[in-house]
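Me: I want to learn how to read helix packing and a chain interface. Can you take me through one case?

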Number of protein chains: 2
Amino acid sequence: MPKQAPNVSFRDTVRCSDPEDIFRLAESSGIFYPEETAVARELAEERLIRGTSSGYDFLFAETNGAVIGYTCFGPIPFTQGRFDLYWIAVQKDLQGTGVGRHLLELTELRIQAMKGLRIYVDTSSRKPYAPTHRFYHSCGYHQEAVLMDFYAPGDDKIIYMKALSCR
Amino acid sequence: MPKQAPNVSFRDTVRCSDPEDIFRLAESSGIFYPEETAVARELAEERLIRGTSSGYDFLFAETNGAVIGYTCFGPIPFTQGRFDLYWIAVQKDLQGTGVGRHLLELTELRIQAMKGLRIYVDTSSRKPYAPTHRFYHSCGYHQEAVLMDFYAPGDDKIIYMKALSCR
């Protein structure tokens, strides 16, 4: 039986409990290195301390008040309307239910509202990221560049991009 | 007559006067946007506040105690020995004297001492950067990727890379 999409609500404010929830989420995904999950938490802390001047915006997906997924994004300095999607994560047992897609679509709308024209995402070429690559492709992102052996020998950086259409 | 290389000394410690000197240098080059020169200064301020945990290292070239050029570089998080050269600038009237090349060579040695294996540099494809591109090529860097219209329409991001040889 296909997984059932939960009843989800979305929130763009950042709460004091978010850094820990983000850490838990990123850790549960089993895909990120410990240093990466630590940084995921730090970005939310940075946002709590410095507000929007941190350059990090967030969108959270919740069911019954519990965070089940989130995105972290922001404008790329010195560019005209280019944004980075720094982070997207969905609770492991809810992956494949459409929560991630919904989260990404709403994030794109927010970026458009912030005059964003393009979204860039960096990913690793490692095998555990294969579902992530399929996810980006199915959401309209394409490979813009590959930096061979960028992270480590045999671990390339793939840069995905989506040009947001005018509405 | 070719420009005369001044008598240069190098320094890797960061002083309180450096952020302003960096700002002046970057501004005098005439190549950077005002937001960029502001960020160049901020990176040095960040280093003064947070020390090496800022992730930014510096190398300064001086003549008679005055800063005439500098580099800013640091390890790229989540990579094995990959470094970013965030900034390199040489006082305008001393460009072409070999100061920049010397600065870059010493920076590469420092990166190697920090177990760095590769150096990445981002540049713009805009015309004022043509001498910068020639400079990187002549220093052993090659184009690793191009992100079309990354900064703005018609302004691509060119990513240069140099693999440091084992010594």
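Reply: Start with handedness. A crossing is left-handed if the near helix is turned anticlockwise from the far one by less than a right angle, and right-handed if clockwise. Helices (H or I, at least four residues) and strands (E, at least two) are DSSP runs, numbered from the N terminus. Here the crossing of α1(B) and α2(B) is right-handed. The model is predicted: local features need pLDDT of at least 70, side-chain atom pairs count only at pLDDT 80 or more, and totals for chains, interfaces and linings use all residues. Residues are numbered from 1 along each chain as its sequence is written, and chains are lettered from A and ligands numbered from 1 in the order in which they are written.

Me: At what angle do α1 (residues 18–28) of chain A and α2 (residues 34–50) of chain A pack?

Reply: Two packed helices are described by the angle between their axes and the distance between the axes. Axes are lines fitted to C-alpha atoms, for helices over the stretch in contact, and angles run from 0 to 180 degrees between N-to-C directions. In chain A the angle is about 155 degrees, with the axes 8 Å apart. That makes α1(A) roughly antiparallel to α2(A) (under 35 degrees is roughly parallel, over 145 roughly antiparallel, 65 to 115 roughly perpendicular, the rest oblique). α1(A) passes α2(A) in a right-handed crossing.

Me: Which residues of α1(A) and α2(A) meet?

Reply: Contact means C-beta atoms, placed from the backbone, within 7 Å. From α1(A) come D18(A), P19(A), I22(A), F23(A), A26(A) and E27(A); α2(A) brings T37(A), A40(A), R41(A), A44(A) and E45(A).

Me: Which residues of α1(A) are buried?

Reply: An α-helix has 3.6 residues a turn, so residues three or four places apart point the same way. Buried means 20 or more other C-beta atoms within 10 Å of a residue's own, exposed 12 or fewer, partly exposed in between; C-beta atoms are placed from the backbone. D18(A), I22(A), L25(A) and A26(A) are the buried residues of α1(A). They cover an arc of only 95 degrees around the axis, which puts them on the same side of α1(A). The arc is that of the directions from the helix axis to the C-beta atoms. These buried residues pack against α2, β3 (66–75) and β4 (82–90) of chain A.

Me: How many residues of chain B are in contact with chain A?

Reply: 16 residues of chain B touch 16 residues of chain A. On the chain B side, α2 (34–50) and β6 (142–152) each supply at least two residues. The largest share, 6 residues, comes from β6(B).

Key. Two residues are in contact if their C-beta atoms, placed from the backbone, lie within 7 Å.
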